[in-house]
Amino acid sequence: MVVNSGNLQVSSGKTSGGLTLDGSKCDNNDKNTQNCAIALDDAEEEDNNSDVISDLTGHIGKWQLIWAIVLSLFQFPSTFHLFSFVFEGAHKDFWCAAPDHLKSIPTAVWRNLTQPKNGCSIIDINFNNILEENFTTALSDTSNFTLTKCINFEYDMDLIGKTVISEWQLICDRDSMVSIVEMCFLAGAAVGSVCSGWISDQFGRRITLMSFATVQCCVGFFITKSLIRVK
């Protein structure tokens, strides 16, 4: 099979004939014997399955391997973005924040006495009338207190610094917002994938690929710097 494109002529190296099992030559005019018919069918199938570009550049070699590795490097920025939410949206331990005059009370004691159910609710009491000295005495029996919704929260910052959960308080009745944040990110990735085809047709594959990779690297760098600064 020969393909002509301008001054470029590429030959797949395939012939119009075939070889039988005993090594004899068959051509398209010799279809009488069963062996020749099978050999010609095999040759025609091989010719139809041939790739002209691969026949020109080679099916596998050093050049193909180098470019496969180089092009795969463009996937690293998008991979980091996909996995960034594992850290940006990491779940953190939280509890109702103590008033300023009770900040010196150990966190474990504060949580055990004021939040018997979970970190989303706190006993309904006027903490302004309670001092640090009589804190444990005043709250020795909390079974008769009702619970109210927490307004201010504190988070465990020992392992991971600030995240989208602590920044926007995506906890308690707002914990479903975490899934929405991740869904918005994936929706943006889907829209970008669809639009990139049209942009590539308009401006070219190389410009689109390099521009998208540059934007991803810059945005990822600034996100990383912001996470380090707020930690």
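Where does T114 lie? T114 lies in helix 5, and one of the views below returns to it. The model shown is predicted: local features need pLDDT of at least 70, side-chain atom pairs count only at pLDDT 80 or more, and totals for chains, interfaces and linings use all residues. Residues are numbered from 1 along each chain as its sequence is written, and side-chain values use heavy atoms, with hydrogens and water left out.

View 1. Start with T114 in helix 5; helices (H or I, at least four residues) and strands (E, at least two) are DSSP runs, numbered from the N terminus. T114 is buried, with a relative accessible area of 0%. Buried means under 20% relative accessible area, exposed means over 50%, and partly exposed is in between (1.4 Å probe, protein chains only). From T114, the side chain reaches the backbone oxygen of W110 at 2.5 Å. A polar contact is a pair of N or O atoms within 3.5 Å; within protein, one must be able to donate a hydrogen and the other to accept it, and residues adjacent in sequence count only if both atoms are side-chain atoms.

**View 2. W110 belongs to the largest nonpolar core.** This core has 22 residues, and those with the most contacts inside it are W110, I122, F127 and F135. A nonpolar core is a set of buried Ala, Val, Leu, Ile, Met, Phe, Trp, Tyr and Cys residues joined through side-chain atoms within 4.5 Å. Two or more residues come from each of strand 5, strand 6, strand 8 and helix 7 (164-168). Strand 5 gives the largest share, 3 residues.

**View 3. Ring pairs link F94, F153 and Y155 into a cluster.** The whole structure holds 5 aromatic pairs. Rings of Phe, Tyr and Trp (its six-membered ring) pair if their centres lie within 6.5 Å; planes under 30 degrees apart count as stacked, over 60 as edge-to-face and the rest as tilted. F94 and F153 make an edge-to-face pair, 6.0 Å from centre to centre and with 75° between the planes. This pair links distant parts of the chain: F94 is in strand 5 (residues 94-96) and F153 is in strand 8 (residues 153-155), 59 residues apart. F94 counts as buried because its relative accessibility is 18%, and F153 is buried too, with a relative accessible area of 15%. The rings of F94 and Y155 have centres 6.4 Å apart and planes at 45°, so this pair is tilted. It also links distant parts of the chain, with F94 in strand 5 and Y155 in strand 8, 61 residues apart. Y155 is buried, at a relative accessible area of 12%.

View 4. Look for N118 in the loop between helix 5 (107-114) and strand 6 (121-123). With 34% relative accessibility, N118 counts as partly exposed. A polar atom of the N118 side chain lies 2.9 Å from the backbone nitrogen of C120. The N118 side chain also reaches the backbone nitrogen of S121, at 3.5 Å. The C-alpha atoms of N118 and C172 are separated by 9.5 Å, although these residues are 54 apart along the chain.

View 5. Q169 is not a glycine, yet has a positive phi of about 50°. For C172, also a residue other than glycine, phi is near 55°. Q169 is partly exposed, with a relative accessible area of 31%.

**View 6. A nonpolar patch lies on the surface.** W63, I66, W67, V70, L71 and L209 form this patch, with about 570 Å² of accessible area together. Accessible areas come from the Shrake-Rupley method with a 1.4 Å probe; for residues, only the protein chains shown count as cover. Like charges are joined within 9 Å, and nonpolar side chains (Val, Leu, Ile, Met, Phe, Trp, Tyr) within 5 Å. Helix 3 (residues 62-72) gives the most to the patch, with 5 residues. L71 lies in helix 3 and counts as partly exposed, at 44% relative accessibility.

How values were computed. Patch = residues over 30% accessible without salt bridge, like charges linked within 9 Å, V, L, I, M, F, W, Y side chains within 5 Å. Salt bridge = Lys/Arg side-chain N within 4 Å of Asp/Glu carboxyl O.
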